[in-house]
Structures are given as structure tokens and as C-alpha cells.
Amino acid sequence: LLFLFSVFAAADTVSNFEFLLTSAIYPETPSLFFVLTFTAVCLYGAFLGLEPVARVNTFVFVLFVGALVFISASVLPKSDFVYLKNPLQGGLSAVWGHALSAAFSNFDAVLFLLFAPNFKGSLSKCFWGWALLSAYCILS
């Protein structure tokens with residue numbers, strides 16, 4: 001089941017990125033080119049294993065933090081803080097409900113909730129509890 005989840009997540013990521021590239025950046029390029037290219041990259045990453053991906057993510061995290069600091073420093077002088085609102089203005093229940101709705105609004109997170117607690121054991125053990133939590137997250 002974890003393999004199927006990983007395949008679904010990879011296919012979803014490839015299709016979303018392919019749609020972005022063919023609709024906005026390279027509209028004249030056939031979509032099959034991007035699908036085959038990204039599939040080859042995903043297969044190569046799966047062939048390398050988890051350790052090289054983790055090492056690259058360390059470098060990517062440093063780049064992300066640097067970009068965040070740079071963007072924040074460049075936007076800060078032009079920011080107007082008059083329109084900021086208290087995030088707890090509607091109460092903690094409104095914040096919690098919106099956070100759950102935003103965090104679990106995609107199908108990947110719901111699948112992960114169903115599969116995560118049972119990677120080692122039986123899937124029927126906690127299935128109904130996680131199914132109810134996932135249904136709540138989808139419907140809220």
C-alpha cells in the first residue's frame with residue numbers, strides 16, 4: 001500500500017508540474033516530453049535511494065531559508081502593518097477548524113493519514129479511527 005501511495009503521489013506531482021509548464025511557461029512543447037522527463041527523474045531518484053535525497057534536501061533547506069530571509073528583507077521596508085489582524089480574532093475553534101481544513105484539503109494527506117500508523121502492522125487495527133478523522137478533514 002505504501003508503494004501505491006508513493007506512485008500516486010509521484011504521478012500527481014508530475015501531472016501538476018507538467019500542467020504548469022505546458023500552460024504557462026512552454027505552451028508549444030508537447031506534454032508527453034515533460035511527463036517522460038519527470039518520470040525519468042523520479043525513477044532515477046528512486047534508484048538512488050533515500051540517503052542522496054536527504055543530503056540534497058539539506059542543501060535545498062539552506063537555500064530556502066536564505067531565499068526567505070532575502071525576500072523578507074526586501075519586502076519589509078515597503079510593508080504596511082496597519083492592516084494586520086489578530087489571527088485569534090474569531091476564537092481558537094475557528095483557527096483550529098480552518099487549519100484542519102487547509103492542511104487536509106488534498107487527497108495525499110488523507111491517504112497518508114490512512115497509511116501512516118500501520119506501516120509495520122495490520123491495516124485493520126486503526127483503520128476506522130483514521131477513516132473518521134480523514135472524513136472529518138475532507139468534509140470540514
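This is a short walk through the structure shown above.

Hi everyone, thanks for coming. One thing to keep in mind from the start: this is a predicted model.

Let me begin with the overall picture. Of the 140 residues, 14% are buried. The chain exposes about 11200 Å², and 75% of that area comes from carbon and sulfur atoms.

Now to the helices themselves, starting with H1. Helix H1 covers residues 2–25, and Ser 15 sits in it. Ser 15 has a relative accessible area of 34%, which means it is partly exposed, as that value lies between the 20% and 50% cut-offs. Ser 15 and Phe 38 are 23 residues apart along the chain, and their C-alpha atoms are separated by 9.3 Å.

Next comes H2, residues 31–48. Just after H2, Gly 49 takes a positive phi of about 100°.

Let's turn to the aromatic rings. A ring pair is described by two things, the distance of the centres and the angle of the planes. How many aromatic pairs are there? The count comes to three. One of them is Phe 33 with Phe 34, which is edge-to-face, with 5.5 Å from centre to centre and 65° between the planes. Are these two residues buried or exposed? Phe 34, at 7% relative accessibility, counts as buried, while Phe 33, at 48%, counts as partly exposed. Ring pairs also link Phe 17, Phe 33, Phe 34 and Phe 38 into a cluster.

Last stop, the surface. Phe 61, Val 62, Phe 64, Val 65, Leu 68 and Val 69 form a nonpolar patch there, and together they have about 590 Å² of accessible area. Val 62 is found in helix H3, residues 50–75. At 55% relative accessibility, Val 62 counts as exposed, because the cut-off for that is over 50%.

That's my tour, and I'm happy to go back to any part of it.

Definitions and conventions
Residues are numbered from 1 along each chain as its sequence is written. This is a predicted model: local features need pLDDT of at least 70, side-chain atom pairs count only at pLDDT 80 or more; totals for chains, interfaces and linings use all residues. Side-chain values use heavy atoms; hydrogens and water are left out. Patches are made of residues with over 30% relative accessible area and no salt bridge: like charges are joined within 9 Å, nonpolar side chains (Val, Leu, Ile, Met, Phe, Trp, Tyr) within 5 Å. Accessible areas come from the Shrake-Rupley method with a 1.4 Å probe; for residues, only the protein chains shown count as cover. A salt bridge is a side-chain nitrogen of Lys or Arg within 4 Å of a carboxyl oxygen of Asp or Glu. Helices (H or I, at least four residues) and strands (E, at least two) are DSSP runs, numbered from the N terminus. Buried means under 20% relative accessible area, exposed over 50%, partly exposed in between (1.4 Å probe, protein chains only). Rings of Phe, Tyr and Trp (its six-membered ring) pair if their centres lie within 6.5 Å; planes under 30 degrees apart count as stacked, over 60 as edge-to-face and the rest as tilted.
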